[in-house]
Number of protein chains: 2
Amino acid sequence: MSEIKILSAEQIESVFTLQDAVEAVEQAYVQKHTGGGQLWPMVFHEFEHGVADLDIKSGNLDAENVFGLKLVSWFGENPGKGHPALYGTILLFDQETGEPRALMNAGAITDLRTGAAGAIGAKYLARADSKRLLMVGCGGLAPSLIAATLYVMPGLERVLIASPRTPEKAARKLAEITDEVDRLLAACGRKRTAAIEAADCLEAAVRESDVILTATPSYAPLIRADWVRPGTHLSCVGADMAGKEELDAALFARAKAFGDDETQCLSVGECEIPHKSGILAGLSAEIGAVIAGAAPGRTSAKEITVFDSTGIALQDLASASVIVKKAASRAIGDTAAL
Amino acid sequence: MSEIKILSAEQIESVFTLQDAVEAVEQAYVQKHTGGGQLWPMVFHEFEHGVADLDIKSGNLDAENVFGLKLVSWFGENPGKGHPALYGTILLFDQETGEPRALMNAGAITDLRTGAAGAIGAKYLARADSKRLLMVGCGGLAPSLIAATLYVMPGLERVLIASPRTPEKAARKLAEITDEVDRLLAACGRKRTAAIEAADCLEAAVRESDVILTATPSYAPLIRADWVRPGTHLSCVGADMAGKEELDAALFARAKAFGDDETQCLSVGECEIPHKSGILAGLSAEIGAVIAGAAPGRTSAKEITVFDSTGIALQDLASASVIVKKAASRAIGDTAAL
């Protein structure tokens with residue numbers, strides 16, 4: 001008989017901070033680069049196209065001595081029935097024995113580790129003197145992306161938020177997003193200094209930004225190549241399946257592309273369409289190699305850099321590991337006999 | 001927030017009977033045949049060859065409105081460290097919404113559903129007048145295979161058990177296996193009438209048996225083709241990865257082969273080596289088609305039939321579903337907030 005720890009969304013939110021997420025995701029990227037972590041083949045199943053699907057991402061992470069999986073399902077008709085569209089569940093195992101260690105709600109983990117991913121792209125690829133941040137997309141990921149980027153780049157002075165399809169949404173969501181950013185920063189002992197405002201015009205906002213984060217479900221380019229000025233960095237987290245794109249593919253003709261996993265980036269990420277249309281041969285490097293100092297990132301103040309975050313199991317495993325340890329030290333979480 | 005049911009090995013053993021397992025596995029096989037259940041791609045990871053590996057089998061089962069996965073790991077050095085070599089965990093989800101429903105210890109489920117699989121092969125393919133059963137292998141699966149076969153074929157009069165590599169082990173394990181068979185039958189209201197004895201000689205036992213069950217980890221044939229008399233049925237559950245075999249490949253030149261999933265049978269099951277050596281083109285039918293009456297099974301008393309059970313996720317999902325329902329009706333199991 002095993003004993004397994006059960007951690008609910010609420011319990012995870014009470015211990016897991018952006019600082020934890022940034023440290024965990026950086027570790028995950030480096031482990032992927034050094035071979036200390038492996039991604040196993042992803043399972044994807046579509047119940048009905050555009051209505052319901054799921055994926056199972058799994059792998060192992062030597063540094064934390066764990067393996068595990070995350071199953072995330074999306075049932076688009078759920079909200080009409082009083083259920084959230086997304087459910088995510090993580091199972092974590094001991095890599096020494098195979099014994100199950102923890103069952104966790106993946107929702108809170110996914111939000112923070114995805115915010116951390118976009119921020120890490122900016123931390124390693126944006127110009128150090130960046131002042132202006134633009135968040136494209138006002139959905140559930142916006143607060144964690146903004147907060148994590150402010151956390152890793154404390155020199156940022158202004159944040160614009162833009163909703164490309166429904167521009168008035170940015171102003172409507174401004175207060176809610178700002179409050180959540182402040183809450184996330186406060187949880188790691190930080191107070192926001194950058195102003196957050198709604199953008200009036202996406203094009204103008206792109207033209208004056210140093211760092212751009214994108215997190216939309218778009219299947220068509222939102223940001224035109226000629227809007228992006230030299231020296232800009234873009235971290236894109238929206239594209240996670242074939243056909244999705246947020247950037248004009250032409251931008252990749254004059255940008256350096258980085259990503260979390262080259263195979264995923266070229267098959268389902270923001271790099272997919274530029275790659276398939278012959279504009280982009282491949283990544284300049286995976287981000288883990290840049291963090292580890294094994295590959296160059298930005299090499300001039302004029303370069304445009306793109307970080308394509310498709311999401312890898314190691315981010316979840318590294319995050320889940322730190323959560324299990326923090327929860328244990330504070331006696332948080334249920335324990336069940338299995 | 002979701003509520004998830006947690007069911008331990010002990011709780012599952014208290015509700016799940018061989019009768020349940022036989023009904024669930026028959027349903028799973030039929031659903032696979034009718035398309036009411038799908039197997040998703042299997043994930044297999046080898047940490048170190050011959051030392052530690054795992055697989056993740058997943059799929060969905062419309063009749064029970066569930067999807068889910070089973071992760072089974074094998075760490076060969078565990079017993080020396082005071083841990084079982086095998087750990088198995090099942091996660092079950094609601095197919096209407098994607099909401100997680102249950103986390104279950106897979107050990108007790110795997111034993112009974114595997115026993116039921118071998119028995120179902122015999123039920124549909126063995127001669128109805130079969131009297132003599134031979135169990136080849138005295139490991140953990142022997143009791144459930146014997147008991148399930150006695151359950152579905154109450155006309156059996158004698159059971160021999162044989163341990164091919166260490167013949168004296170059969171006599172040593174006889175009492176323990178017999179007790180466990182009796183316990184499993186008693187749990188579904190049956191009393192054993194067939195005598196159970198240890199075989200002195202594997203060849204002689206094979207020559208006089210009507211039904212043969214094999215469950216060993218063998219990588220070389222244990223049963224020679226010329227030992228098997230016309231009219232015999234063999235259900236083989238041992239081979240579950242490339243290279244494993246229990247039957248002389250030459251037997252397939254004069255036997256009709258059936259299986260749970262043709263792709264798995266021909267790539268990792270008992271049929272793999274006969275298929276790769278050109279003796280066996282493919283299955284006569286999947287067992288689900290035979291159960292559903294869509295394909296013939298045995299067509300004469302002289303035929304030799306083989307059922308190759310490689311194990312499919314639908315067996316686990318169907319079993320897990322019935323367990324969740326029985327446990328709920330008896331208020332068994334923990335509930336945790338997720």
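Visitor: What is the handedness of the crossing of α3(B) and α10(B)?
Guide: In this predicted model, α3(B) crosses α10(B) in a right-handed sense. Helix α3 covers residues 107-125 of chain B, and its axis lies 10 Å from that of α10(B), at an angle of about 120°.

Visitor: Which residues make that contact?
Guide: From α3(B) come Ile109(B), Arg113(B) and Ala117(B), and α10(B) supplies Gln315(B), Asp316(B), Ser319(B), Ala320(B) and Ile323(B). By class there are four nonpolar, two polar and two charged residues.

Visitor: What makes the contact of α2(B) with α10(B)?
Guide: On α2(B), the residues include Asp20(B), Ala24(B), Ala28(B) and Lys32(B). On α10(B), they are Leu314(B), Gln315(B), Ala318(B), Ser319(B) and Val322(B). The residues of this contact divide into seven nonpolar, four polar and two charged.

Visitor: How many residues does each chain give to the contact of chain A with chain B?
Guide: Chain A gives 32 residues and chain B gives 32 residues. Among the elements of chain A that give two or more residues are α1 (9-15), β4 (52-61), β5 (66-75) and β18 (334-337). The side of chain A that touches chain B has 19 nonpolar, ten polar and three charged residues.

Notes: Residues are numbered from 1 along each chain as its sequence is written. Chains are lettered from A and ligands numbered from 1 in the order in which they are written. This is a predicted model: local features need pLDDT of at least 70, side-chain atom pairs count only at pLDDT 80 or more; totals for chains, interfaces and linings use all residues. Two residues are in contact if their C-beta atoms, placed from the backbone, lie within 7 Å. Helices (H or I, at least four residues) and strands (E, at least two) are DSSP runs, numbered from the N terminus. Ala, Val, Leu, Ile, Met, Phe, Trp, Tyr, Cys and Pro count as nonpolar, Asp, Glu, Lys and Arg as charged, and the others, Gly among them, as polar. Axes are lines fitted to C-alpha atoms, for helices over the stretch in contact, and angles run from 0 to 180 degrees between N-to-C directions. A crossing is left-handed if the near helix is turned anticlockwise from the far one by less than a right angle, and right-handed if clockwise.
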